[in-house]
Amino acid sequence: VAAGRARDCLDKLVGYTGSRHVVWPLKNGAKSMGRVQSAALHLLCVREREIQAFVPQDYWSVWVTYGEGFKAFYRSSPKPQRKLKSAEDKGSEKESERVTSQQRADELVAIARAHPHQVLSIEGKQTSQSPPPPFVTSTLQQAAGSKLRLSPEQTMKVAQSLYEKGRITYMRTDSVALSAPFCASVREYLQANDPDNLPKKATRHRAVKGSQEAHEAIRPTEVNRLPQAVQAELPTNEAKLYELIWNRTVASQCAPAQLCKTRVVTQSGEAYWEARGQVLEFAGYTRYWNNISADSVLPPLNQGQALQLTKAQADQKQTQPPPRYSEPKLVKLMEQKGIGRPSTYAPTIKTLRQREYVGLLQGKLQPTALGLELDSALEQLLPDLIQPEFTARMEAALDAIATGKQDWQAYLIGWNQGYFAPAIAQAKSQLLSLPAFAESPNAKGCSPPSPEPSAEATPSRASSRSSVSTQSKAASGQLTKTKCPTCEQPMRKVPSRSKKMKAKHFLKCSGTCGTVMFWNGKAKRYELPHAQQQALNPDAFTDHPCPVCGAMLERYAYNKDGQDKVMLRCSLLENRRGKCKEVAYFQSRGEFWSPKFGTLKLPKPSS
């Protein structure tokens with residue numbers, strides 16, 4: 001209880017204070033920061049910067065195939081250079097040692113074709129693969145993401161429904177323990193239905209360091225309630241998630257899988273070639289939870305046996321940047337780094353997406369320009385707070401409170417006085433030195449109003465929007481190449497969530513004139529509001545009304561077949577896309593003519 005109170009106070013202290021005094025004054029559209037939220041965003045931004053800085057390099061993978069029916073890859077030495085693949089390494093592409101030049105790759109292919117091949121060594125190894133533990137919150141979110149394509153938020157909603165219906169145990173847990181009565185019921189089920197898979201004694205899994213273990217692992221409430229029996233009773237996603245949980249739970253109590261791994265090394269001249277194979281001799285737990293990749297089965301071979309070469313080839317490839325994190329992968333990383341607790345994983349990712357700090361690109365989380373800008377600012381202003389190690393140490397302190405080794409109020413007071421309050425004060429003094437803040441014409445003396453926030457961990461969207469949206473959107477943002485039509489100063493891009501706009505931003509002059517421009521998707525350009533267009537260029541508007549809506553017709557210059565031409569159209573943008581779409585008068589011999597509305601004569605505009 002004390003640890004829960006401390007965590008709640010920490011989240012509010014960091015989220016409310018940091019958002020009000022550090023994030024809002026940045027005036028870039030960012031709404032909030034948080035103890036867990038900002039550390040998770042930093043992980044994504046660090047990976048994104050690695051991707052941006054990555055320079056691809058060419059390399060070659062050299063391989064041979066034999067008439068005996070297997071494929072081998074180039075190795076510079078007959079000794080094994082890495083461990084045999086684990087059961088979790090599925091789907092990874094096999095390659096040779098990387099050859100960094102076309103010349104060397106061609107030399108190896110020539111050696112393979114010019115010299116006879118023979119088996120140099122054969123290594124066989126019998127191994128057993130232990131069953132995985134039952135689900136905790138993080139592993140459930142990862143498995144549901146990879147197998148069912150559910151986001152962490154969707155996974156927890158479906159799991160909550162299953163829990164409320166009494167199908168599964170509590171789904172916010174970091175414990176892999178199962179109750180003794182349930183383990184006994186699983187053993188009875190295996191004895192009756194799959195006796196070969198029953199181990200001699202109940203399987204027990206080791207908890208991850210730092211686990212609170214306040215609840216059991218996530219499991220079915222009744223093992224004899226089979227997935228097939230509940231399919232008709234549950235919605236599709238609930239039935240699929242229940243099946244996932246049931247299979248993983250039963251698999252965790254099964255016998256280990258037995259594998260035979262083989263490594264064959266062949267030789268031709270000075271080049272060595274390696275082939276690996278893996279055979280599942282006893283399925284064990286994989287009958288319920290298959291996490292062992294299918295691999296090639298090598299033919300029977302003898303040491304010194306001559307081999308018939310059928311093909312030798314070098315494939316040119318490029319090194320790839322580190323991949324972006326998917327939502328399940330980020331959950332796994334947060335768990336490994338000690339950021340947050342099971343109940344915070346899904347809400348944290350949801351908040352990052354709602355705040356538009358990250359977006360989804362081909363199923364991967366990619367920081368937006370706003371997210372990268374906020375992270376860079378926090379890296380200068382509050383560098384410790386966004387580091388995963390710092391957040392993990394806070395979690396360790398909370399664990400000490402949970403075990404009674406630390407008083408929660410004393411810890412909070414000490415943490416605030418010793419670190420957080422001085423860090424906020426220093427960050428406020430450093431704000432004026434930030435380039436984006438210093439360039440703002442309203443940078444001095446413009447702290448936003450600070451109403452009392454109402455949501456946990458970070459200020460609510462409603463309260464923050466009411467207090468800072470007008471000022472933050474009207475203040476400085478990212479500079480663009482577009483010049484202000486009034487004073488020639490560069491325009492700034494200001495984020496906006498207005499549903500009336502066709503884009504998620506508008507432009508505002510970085511000077512003092514206050515000019516704004518909006519994106520015209522049809523014309524592919526930024527335009528002034530209608531009233532300002534008419535004030536700046538009165539000659540563009542005629543004295544003739546639109547025959548459909550009554551607004552004034554305007555001149556519109558365009559280019560067709562290399563010739564500059566002018567047409568008349570309705571001056572109201574929203575009507576041009578709707579009921580006035582067919583209003584178009586084309587210039588011809590000093591007149592304007594419309595296929596639908598006939599001829600319109602206009603006097604020439606005054607100079």
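What follows is a set of questions and answers on sheets, hairpins and helix packing.

User: What kind of model is this, and how are residues numbered?

Analyst: Residues are numbered from 1 along each chain as its sequence is written, and side-chain values use heavy atoms, with hydrogens and water left out. Local features need pLDDT of at least 70, side-chain atom pairs count only at pLDDT 80 or more, and totals for chains, interfaces and linings use all residues, as this is a predicted model.

User: Which residue is the bridge partner of valine 64 in β2?

Analyst: Strand β1 (residues 58–66) runs antiparallel to strand β2 (residues 70–75), and four bridges join them. Valine 64 has as its bridge partner in β2 alanine 72.

User: How do β18 and β19 pair, and which residue stands opposite phenylalanine 592?

Analyst: Strand β18 (residues 584–588) pairs with β19 in the antiparallel sense, over three bridges. The two form a hairpin with two residues between them, and arginine 589 in the turn has a positive phi of about 55 degrees. Opposite phenylalanine 592 stands glutamine 587.

User: Which residues lie on the uncovered face of β19?

Analyst: In a regular strand the side chains alternate between the two faces of the sheet. Strand β19 (residues 591–594) has Phe592 and Ser594 on its covered face. Its uncovered face holds Glu591 and Trp593.

User: Which residue in β20 is the bridge partner of tryptophan 593?

Analyst: A hairpin joins β19 to β20 through three residues. Strand β20 (residues 598–600) runs antiparallel to β19, with three bridges. The bridge partner of tryptophan 593 is threonine 599.

User: What is the orientation of α12 to α13?

Analyst: The axes of helix α12 (residues 388–402) and helix α13 (residues 408–430) come within 10 Å and cross at roughly 155 degrees. Angles under 35 degrees count as roughly parallel, over 145 as roughly antiparallel, 65 to 115 as roughly perpendicular and the rest as oblique. The two helices are therefore roughly antiparallel.

User: Which residues of α13 meet α12, and how many of the contact's residues are nonpolar?

Analyst: From α12 come Phe390, Met394, Ala397 and Ile401, and from α13 Trp408, Tyr411, Trp415 and Tyr419. Ala, Val, Leu, Ile, Met, Phe, Trp, Tyr, Cys and Pro count as nonpolar, Asp, Glu, Lys and Arg as charged, and the others, Gly among them, as polar. The contact has no polar and no charged residues, and its nonpolar count is eight.

User: How does α4 lie to α8?

Analyst: Helix α4 (residues 137–148) and helix α8 (residues 236–252) have axes 11 Å apart and pack at about 120 degrees. That angle makes α4 to α8 oblique.

Notes. Buried < 20%, exposed > 50% of the residue type's maximum accessible area, 1.4 Å probe, protein only. Pairing = 2+ DSSP bridges. Axes fitted to C-alpha atoms, helices over the stretch in contact; angles between N-to-C directions. Contact = heavy atoms within 4.5 Å.
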